[in-house]
Amino acid sequence: MASQTGIPCIVMRGGTSKGPFFYAKDLPQDTHTRDQVLLSILGSPHRRQIDGIGGAHALTSKVGIVDICETGEADLTFLFAQLQPEKDTVDTTPNCGNMLAAVVPFALEKGLITPQGDTTTVKVLTLNTNMVSEIEVQTPNGEITYEGDATINGAPGSSAPITINFLDVAGSVCGALLPTGNVVDEFTIDGFGTLQATCIDNGMPMILVRAEDVHRTAYESVDELNQDTELKDLVEKLRLEASKKMGLGDVSAKNFPKMCLLNRPVHGGAIHTRCYIPHVCHESIGVLAAVTVATACVLPGTVADGLTQKGSGLKQTLSIEHPSGEFSVALELNPENPTEVVKSALLRTARALMAGEAYVPSAILK
């Protein structure tokens with residue numbers, strides 16, 4: 001028997017993330033074996049992931065697993081897996097809106113679905129949280145194209161636009177938009193005192209804090225915040241405490257909820273952010289994190305209230321400022337309840353980077 005086994009995959013960039021995508025039937029069906037395969041392919045745990053194809057960063061240690069949806073809820077299913085360079089964990093609990101952008105291009109590349117015309121719209125069920133989204137990609141002449149004029153902060157150049165419409169993401173993980181039942185909660189943090197936070201989940205569970213309340217500005221550089229061990233310790237203490245009240249239990253080994261510092265915009269956007277994922281300051285902001293922050297901006301009484309520059313009307317586009325630029329989120333509000341978000345949409349790009357086989361020791365598959 002050969003000492004290694006090849007598993008077909010396509011390395012995809014999805015938004016500002018990157019990782020291998022697999023057809024579900026090409027991976028072991030047993031969860032433990034599958035996870036061992038993914039750890040081996042990415043090269044975790046190792047700081048540089050030198051024995052795998054991971055990129056030595058949380059944003060490039062991600063995996064997409066795609067299949068045909070058999071339930072009728074959607075056309076495709078997507079299982080997202082978050083790995084970490086220095087950990088032996090495979091977390092399939094959270095969503096990832098960036099990697100979601102690569103699902104339909106991958107499925108077209110693999111022949112799992114067929115193009116519908118100059119554009120192709122596909123419903124995707126994210127298995128992590130049972131979230132359904134409609135994704136539109138460009139397929140001129142019946143082929144997926146990656147060439148276009150769309151740009152996103154955090155990814156170089158321009159590409160074909162990919163539109164993601166989130167159909168119903170409120171409470172995706174926590175079961176409610178405001179899982180504590182409050183727009184603001186107060187938490188007593190050992191060694192610090194009382195701290196106000198908004199616990200919210202509109203696609204991504206998040207804990208939002210005014211930067212000034214932790215004696216920071218949210219204008220600091222990513223490197224500066226990553227070296228700020230005092231702040232990182234405080235943020236983690238709050239995350240562990242608030243998660244209990246959100247009904248998430250002990251999240252010490254989980255990648256959610258994400259943490260986010262907020263301040264007034266400085267580049268003409270709606271609000272300024274510094275997010276943690278959850279222990280490293282994000283160089284931009286996650287797709288669903290941006291949706292959740294934007295939602296907090298339109299809800300009266302959250303910690304974003306008073307910091308936000310927002311428009312009016314039932315349809316609003318909010319620019320969420322982050323270290324690499326901005327992320328625009330289009331929200332549609334319920335005309336009968338203007339504080340309820342009924343639709344979230346955003347623009348991403350994606351590209352197939354490499355297709356082939358990823359090799360794993362055959363002993364893992366025994």
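Close-up 1. Alanine 102 is buried, at a relative accessible area of 0%; buried denotes under 20% relative accessible area, exposed over 50% and partly exposed the range in between, with a 1.4 Å probe and protein chains only. The model is predicted: local features need pLDDT of at least 70 and side-chain atom pairs count only at pLDDT 80 or more, while totals for chains, interfaces and linings use all residues. Residues are numbered from 1 along each chain as its sequence is written, and side-chain values use heavy atoms, with hydrogens and water left out. Alanine 102 occupies the loop between helix H2 (97–100) and helix H3 (103–110); helices (H or I, at least four residues) and strands (E, at least two) are DSSP runs numbered from the N terminus. Apart from neighbours within four places in sequence, alanine 102 is in contact with Met12, Arg13, Gly14, Phe21 and Ala350, where contact means heavy atoms within 4.5 Å. A separation of 14 Å lies between the C-alpha atoms of alanine 102 and asparagine 165, which are 63 residues apart along the chain.

**Close-up 2. Serine 17 and its polar contact with lysine 62**. Serine 17 belongs to strand E2 (residues 17–23) and is buried, with a relative accessible area of 1%. The side chains of serine 17 and lysine 62 are joined by a polar contact of 3.0 Å. Such a contact is a pair of N or O atoms within 3.5 Å; within protein, one must be able to donate a hydrogen and the other to accept it, and residues adjacent in sequence count only if both atoms are side-chain atoms. When neighbours within four places in sequence are set aside, the contacts of serine 17 include Leu59, Cys96 and Met99.

**Close-up 3. The aromatic cluster of Phe21, Phe78 and Phe106**. Rings of Phe, Tyr and Trp (its six-membered ring) pair if their centres lie within 6.5 Å; planes under 30 degrees apart count as stacked, over 60 as edge-to-face and the rest as tilted. The count by this rule is 2 aromatic pairs. Phenylalanine 21 and phenylalanine 78 are stacked, at 6.2 Å centre to centre with 10° between the planes. Phenylalanine 21 is in strand E2 and phenylalanine 78 in strand E4 (residues 76–83), so this pair ties together parts 57 residues apart in sequence. The rings of phenylalanine 21 and phenylalanine 106 have centres 5.6 Å apart and planes at 40°, so they form a tilted pair. This pair links strand E2 with helix H3 across 85 residues, and both phenylalanine 21 and phenylalanine 106 are buried.
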